[in-house]
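Here is a friendly walk through one protein chain. Have the sequence and the model open side by side as you read.

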Amino acid sequence: MPIPVQVRIESSPNAPRVPPELLQQVPFEALLFDISEFGIGLLTKVSLPWGIVVDLELARSALPLSGRAASPGVMKITGRVVHATPHAGQFRVGVSFTRMEETDRNLIRQLLAPTPKPPPQDRRRASRVPLLQTSEGPH
């Protein structure tokens with residue numbers, strides 16, 4: 001299931017110039033392509049210029065934390081665009097995180113952590129299939 005991400009362009013005096021036609025489309029929705037502790041990959045309909053700063057909002061409950069309780073609320077993350085590459089008629093945009101709540105960083109760490117595996121069963125107590133039938137029953 002695609003995970004939507006709201007994208008806003010942060011304007012500041014030191015920010016790279018943003019094309020006016022792009023500002024007319026803000027805010028817009030992108031789809032989460034991939035995520036790590038340090039950045040996020042988005043699939044967008046518009047190409048974002050390298051170096052601009054974006055504010056992202058992502059519902060915590062949308063993250064696929066299998067076997068773990070979903071967190072309520074919205075992750076608010078700021079990042080800098082590090083690449084935008086054409087991808088299947090859209091753009092794959094990479095954003096490097098510059099500001100994020102520590103609780104959200106921990107949530108991403110949980111998402112990336114392997115799912116805990118159950119401990120191995122004691123081989124002596126494992127289910128057995130009888131292979132030899134005797135008049136007294138299986139051994």
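## Strand 3, covered on both faces

Strand 3 is covered on both of its faces: Gly39, Gly41 and Leu43 are buried on one side, and Ile40, Leu42 and Thr44 on the other. Buried here means under 20% relative accessible area, exposed means over 50%, and partly exposed is in between (1.4 Å probe, protein chains only). Because six of the six residues of strand 3 are buried, the strand is largely enclosed by the rest of the structure. In a regular strand the side chains alternate between the two faces of the sheet.

A word on the model and its numbering: this is a predicted model, in which local features need pLDDT of at least 70 and side-chain atom pairs count only at pLDDT 80 or more, while totals for chains, interfaces and linings use all residues. Residues are numbered from 1 along each chain as its sequence is written, and side-chain values use heavy atoms, with hydrogens and water left out.

## Partners of strand 3

Which strands pair with strand 3? One is strand 2, antiparallel to strand 3 over four bridges; the other is strand 6, which also runs antiparallel and is joined to strand 3 by six bridges. Two strands count as paired if DSSP finds at least two bridges between them. Helices (H or I, at least four residues) and strands (E, at least two) are DSSP runs, numbered from the N terminus.

Strands 2 and 3 make a hairpin with three residues between them. Ile35 stands opposite Ile40 in strand 3, and Thr44 has Phe91 of strand 6 as its bridge partner.

## The barrel and the whole chain

Now for the wider view. The chain has two helices and six strands, in the sequence pattern β-α-β-β-β-β-β-α. The six strands close into a barrel in the order 1-2-3-6-5-4, with antiparallel pairing. On average, neighbouring strands of this sheet are turned by 45 degrees against each other, direction ignored. Strands 4 and 5, for instance, run antiparallel and are joined by seven bridges. Helix 2 lies across strands 2, 5 and 6, running at about 60 degrees to strand 5; axes are lines fitted to C-alpha atoms, for helices over the stretch in contact, and angles run from 0 to 180 degrees between N-to-C directions.

Of the 139 residues in the chain, 32% are buried. Among contacts (heavy atoms within 4.5 Å) between residues at least 6 apart in sequence, 59% join residues at least 24 apart.

## The nonpolar core

The largest nonpolar core has 27 residues, and those touching the most other members are Val7, Ile40, Leu42, Leu48, Val54, Leu56 and Val95. Such a core is a set of buried Ala, Val, Leu, Ile, Met, Phe, Trp, Tyr and Cys residues joined through side-chain atoms within 4.5 Å. Strands 1 to 6 and helix 2 each give two or more residues to this core, and strand 2 gives the most, with four.

Leaving aside neighbours within four places in sequence, the contacts of Val54 include Val7, Leu48, Ile77, Val81 and Val95. Leu58 lies in strand 4 and counts as buried at 2% relative accessibility. Leu58 and Pro4 are 54 residues apart in sequence, yet their C-alpha atoms are 6.9 Å apart.

## Salt bridges

How many salt bridges does the structure hold? There are five, each a side-chain nitrogen of Lys or Arg within 4 Å of a carboxyl oxygen of Asp or Glu. Glu57 pairs with Arg8, with the closest N and O atoms 3.9 Å apart. This pair links strand 4 to strand 1 across 49 residues of sequence. Glu57 is partly exposed at 29% relative accessible area, and Arg8 is partly exposed at 35%. Glu57 also stands opposite Lys76 in strand 5.

Asp104 and Arg60 form another salt bridge, at 2.6 Å between the closest N and O atoms. Asp104 lies in helix 2 and Arg60 in the loop between strands 4 and 5, so the pair ties together parts 44 residues apart in sequence. Both Asp104 and Arg60 are buried. Salt bridges that share partners also join Glu37, Glu102 and Arg109 into one network.
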